[in-house]
Amino acid sequence: MSSTKADRKAAGDAASWLFNVVTSVGIILVNKALMATYGYSFATTLTGLHFATTTLLTVVLRWLGYIQPSHLPLPDLLKFVLFANCSIVGMNVSLMWNSVGFYQIAKLSMIPVSCFLEVVLDNVRYSRDTKLSILVVLLGVAVCTVTDVSVNAKGFVAAVIAVWSTALQQYYVHYLQRRYSLGSFNLLGHTAPAQAASLLVVGPFLDYWLTNNRVDAYAYTLTSTLFIVVSCSIAVGTNLSQFICIGRFTAVSFQVLGHMKTILVLILGFIFFGKEGLNLHVVVGMIIAVAGMIWYGNASSKPGGKERRSLSMNGNKSQKHDGLPESTEVDAKV
């Protein structure tokens with residue numbers, strides 16, 4: 001019985017990761033074609049449209065009875081939306097103000113920041129092998145993505161805001177699901193409308209500031225509009241799969257194994273958009289990163305690899321921190 005349950009969980013975990021990888025890589029390729037080929041450079045507004053589409057789906061599913069009523073206190077909702085929107089805006093501004101190399105380094109630093117949040121807020125402890133495997137993943141991704149690195153004061157500030165807000169947003173996805181026993185669609189049903197409204201208000205102004213182009217002045221064609229619709233449709237799956245994966249695992253596992261998407265995007269980019277930039281050190285970096293991910297998966301699944309130390313008065317029991325806890329009781333943190 002326990003073996004069957006473990007097999008079922010493993011199959012569910014694999015399906016969740018596959019869902020996230022396919023939708024994430026798909027939306028990156030569609031958005032790259034939309035922006036590079038059709039000149040639609042309004043990233044923040046497009047993200048607002050993504051959340052508006054997600055909101056529409058959650059409304060329909062709630063009306064059909066597939067999403068049950070749930071409660072998320074307003075302060076927690078506002079806190080989550082603040083972190084999530086700062087993440088989106090911070091990443092866009094960081095990419096504009098920093099070199100691509102420093103932007104990639106900032107993205108890599110999300111893993112140490114997420115580890116710090118789990119250690120401080122959830123009392124998580126990592127084994128030596130788990131820590132080393134994370135370093136190997138960071139090294140591999142850095143080798144194949146980081147090129148020129150130049151830093152300036154305002155770009156550094158934007159990167160810091162982007163990194164911390166992204167790490168906090170991903171931590172809160174896991175925390176809110178545990179704290180209020182929310183499913184992925186339930187949590188999306190609460191957060192997507194607020195994010196859609198705020199990003200569709202702020203997005204056009206931010207995009208104008210970043211690109212000096214107005215979204216309402218863009219020359220929409222049938223093809224570019226079709227790409228926008230496809231991007232919004234895939235984004236529903238991307239948003240849902242992110243919540244599913246972080247709910248089943250943690251923000252750190254999502255970040256570490258999520259770098260597989262970086263490798264796949266590089267490979268598919270070389271296949272569909274030309275082999276410029278493909279060289280030996282990129283291939284070596286990919287191999288190192290994949291080896292680190294396999295090591296991380298093995299190390300973190302072993303006893304003591306990654307555990308939350310319970311603060312209960314009844315004992316000093318530890319629990320594995322790779323999925324949702326069996327009970328809905330919240331750890332005495334945050």
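Ser165 is buried, with a relative accessible area of 6%. Here, buried means under 20% relative accessible area, exposed means over 50%, and partly exposed covers values in between (1.4 Å probe, protein chains only). The model is a predicted one, in which local features need pLDDT of at least 70, side-chain atom pairs count only at pLDDT 80 or more, and totals for chains, interfaces and linings use all residues. Residues are numbered from 1 along each chain as its sequence is written, and side-chain values use heavy atoms, with hydrogens and water left out.

**Overall architecture**

The chain has 11 helices and three strands. Both kinds of element are DSSP runs numbered from the N terminus: helices are H or I with at least four residues, and strands are E with at least two. Read from the N terminus, the order of elements is α-α-α-α-α-β-α-α-α-α-α-α-β-β. Of the 334 residues in the chain, 48% are buried. Among contacts between residues at least 6 apart in sequence, 83% join residues at least 24 apart; contact means heavy atoms within 4.5 Å.

**Ser165 and the packing of helices**

Ser165 lies in helix 7 (residues 153-180). Apart from neighbours within four places in sequence, Ser165 is in contact with Phe83, Cys86 and Ser87.

| Helix pair | Angle between axes | Distance between axes |
|---|---|---|
| Helix 3 and helix 7 | about 150° | 7 Å |
| Helix 8 (residues 184-211) and helix 9 | about 125° | 9 Å |

Axes are lines fitted to C-alpha atoms, for helices over the stretch in contact, and angles run from 0 to 180 degrees between N-to-C directions. Angles under 35 degrees count as roughly parallel, over 145 as roughly antiparallel, 65 to 115 as roughly perpendicular and the rest as oblique. Helix 8 is therefore oblique to helix 9, whereas helix 3 and helix 7 are roughly antiparallel to each other.

The crossing of helix 3 and helix 7 is left-handed; this term applies if the near helix is turned anticlockwise from the far one by less than a right angle, and right-handed applies if clockwise. The residues of the contact of helix 3 with helix 7 comprise 15 nonpolar, seven polar and three charged. In this division, Ala, Val, Leu, Ile, Met, Phe, Trp, Tyr, Cys and Pro count as nonpolar, Asp, Glu, Lys and Arg as charged, and the others, Gly among them, as polar.

The crossing of helix 8 and helix 9 is right-handed. Helix 8 contributes Ser184, Phe185, Leu187, Leu188 and Thr191 to this contact, and helix 9 contributes Asn239, Leu240, Phe243 and Ile244. These residues divide into six nonpolar, three polar and no charged.

**Aromatic pairs**

The structure holds 13 aromatic pairs. Rings of Phe, Tyr and Trp (its six-membered ring) pair if their centres lie within 6.5 Å; planes under 30 degrees apart count as stacked, over 60 as edge-to-face and the rest as tilted. Phe80 and Phe243 form an edge-to-face pair, 6.1 Å centre to centre with 90° between the planes. This pair links distant parts of the chain, since Phe80 belongs to helix 3 (residues 74-97) and Phe243 to helix 9 (residues 222-248), 163 residues apart. Phe80 is buried at a relative accessible area of 0%, and Phe243 is buried at 2%. Tyr40, Phe42, Tyr218 and Tyr220 form one aromatic cluster.

**Leu34**

Leu34 is found in helix 1 (residues 2-38) and is buried, with a relative accessible area of 0%. Residues up to four places away in sequence aside, Leu34 touches Gly39, Tyr40, Leu46, Ser224, Phe227 and Ile228.
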